[in-house]
Amino acid sequence: MAAATASATLFSPFLPSPGFHESCRSLNWRTHKKQIASKAGTVKVTAKFELNPPPYPMNALEPHMSRTTFEYHWGKHHRAYVDNLNKQIVGTELDELTLEDIILVTYNQGNLLPPFNNAAQAWNHQFFWESMKPGGGGQPSGELLKLINRDFGSFEAFVKEFKAAAATQFGSGWAWLAYKANRLDVGNASNPHPSDEDKKLVIVKTPNAINPLVWDYSPLLTIDVWEHAYYLDFRNRRPDYISIFMEKLVSWEAVSSRLEAAQAQAAEREKEEERKKREEEEEYQDGNEVREMYVETTDSEAD
């Protein structure tokens, strides 16, 4: 299976929120005042998103990922994405949305709006921190391993393909394992009634800030291949960094938990779509019955 290449929140669990694929076709940039008065009587603007720390101490992943890398990567790069996003959305309609919904709206079917990069990078980095743990690596188990074997042939084949996707992402970007519960492999396409064959694990690589949420996929695992993610520890040896990530850092417990949530979300969507379909069919049948009654009444009057 060849890894797909993409062309074109600080909240857990990191799964997409449905319902914005239609509304993100256009965005009216209305601004409104959202200010609060301090005790001194001055006015200041409230910030929406906060920078959350990784779920372990800064030195917890040593010697595989150094405290120095975390101090720069989390303390400077991740912080900048969050701070800049808050500046971009204050006073706009976006400050009422979740981080996931800001990503979907500002992706704008590939015609990126200004806040997209900071929103997506804020989300991507928190997801990345939670994809790792001290003493990670090894192999998954249970349903996750079952699907990996089914969709990639073996765990070893999956690791090889994931490493290749991360190593061959040109320039800056990410490699992902995601759960795909729709049929089509194009941006913003959805299938209301996917078959079991459509629901599978996929590996994708994305440039810059793009992530699988924009295709309605559920991300399960990611590795950051921007140079600032590994250069202090590995210099230009990206393949070595990728190998260490897979062998020593991945939290398969986190990936399994995300898979369970993604499958539950997909099942809930199908139930809701089936309910809507039944309601539409009932409304159509009721409409036909009314028309038949009208025709019968008209015919009787004519006799």
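## A salt bridge at Arg237

Arg237 is partly exposed, with a relative accessible area of 39%. The structure here is a predicted model. In this model, Arg237 forms a salt bridge with Asp240. The closest N and O atoms of Arg237 and Asp240 are 2.9 Å apart. Asp240 has a relative accessible area of 36%.

## The chain as a whole

The protein chain has 303 residues, and 46% of them count as buried. Its secondary structure comes to 8 helices and 6 strands. What order do the elements follow from the N terminus on? The run is β-β-β-α-α-α-α-α-β-β-β-α-α-α.

The chain exposes about 15700 Å². Carbon and sulfur atoms supply 51% of that area.

How many salt bridges does the structure hold? The count is 8. One of them joins the side chains of Arg67 and Glu71, with N to O at 3.0 Å. Arg67 and Glu71 are 4 residues apart in helix H1, so about one helical turn separates them. Arg67 has a relative accessibility of 38% and is partly exposed. Glu71 is partly exposed too, with a relative accessible area of 38%.

Another salt bridge links Lys133 with Glu253. Their closest N and O atoms are 2.9 Å apart. This pair ties together distant parts of the chain, 120 residues apart. Lys133 sits in the loop between H3 and helix H4 (142–152), while Glu253 belongs to helix H8. Lys133 counts as partly exposed, at 25% relative accessibility. Glu253 is partly exposed at 48%.

## A negative patch on the surface

Which residues gather in a patch of negative charge on the surface? They are Glu274, Glu280, Glu281, Glu282 and Glu283. Take Glu283 as an example. Glu283 is placed in helix H8, which covers residues 252–302. Its relative accessibility is 57%. Exposed means over 50%, so Glu283 counts as exposed.

Now move to helix H1, which covers residues 67–89 and contains His73. Is His73 buried or exposed? His73 has a relative accessible area of 1%. The cut-off for buried is under 20%, so His73 is buried.

What does His73 touch, leaving aside residues up to four places away in sequence? Its contacts include three histidines: His78, His125 and His228. Phe128 and Trp129 are also among them. Asp224 and Ala229 complete the list.

## Ala209, buried in a loop

Ala209 lies in the loop between E5 and E6. Its relative accessible area is 2%, so Ala209 is buried. Ala209 touches Phe116, Asn117, Ala120, Gln121, Asn124 and Trp174, not counting residues up to four places away in sequence.

Look at Phe116 in that list. Ala209 and Phe116 are 93 residues apart along the chain. Their C-alpha atoms are separated by 8.0 Å.

Most residues other than glycine have a negative phi, and most peptide bonds are trans.

Start with the peptide bond between Glu62 and Pro63. This bond is cis, with omega of about 5°. Pro63 is found in the loop between strand E3 (43–45) and H1.

Next comes Gln109. Its phi is near 55°, a positive value in a residue other than glycine. Gln109 is placed in the loop between helix H2 (99–107) and helix H3 (116–129). At 41% relative accessibility, Gln109 is partly exposed. Asp216 also has a positive phi, about 65°, although it is not a glycine. Asp216 is placed in the loop between strand E5 (200–207) and strand E6 (218–224). Asp216 counts as buried because its relative accessibility is 12%, and buried means under 20%.

Technical notes: Residues are numbered from 1 along each chain as its sequence is written. This is a predicted model: local features need pLDDT of at least 70, side-chain atom pairs count only at pLDDT 80 or more; totals for chains, interfaces and linings use all residues. Side-chain values use heavy atoms; hydrogens and water are left out. Patches are made of residues with over 30% relative accessible area and no salt bridge: like charges are joined within 9 Å, nonpolar side chains (Val, Leu, Ile, Met, Phe, Trp, Tyr) within 5 Å. Accessible areas come from the Shrake-Rupley method with a 1.4 Å probe; for residues, only the protein chains shown count as cover. A salt bridge is a side-chain nitrogen of Lys or Arg within 4 Å of a carboxyl oxygen of Asp or Glu. Lys and Arg count as positive and Asp and Glu as negative; His and the chain ends are not counted. The place of a charge is taken as NZ of Lys, CZ of Arg, CG of Asp or CD of Glu. Helices (H or I, at least four residues) and strands (E, at least two) are DSSP runs, numbered from the N terminus. Buried means under 20% relative accessible area, exposed over 50%, partly exposed in between (1.4 Å probe, protein chains only). Contact means heavy atoms within 4.5 Å.
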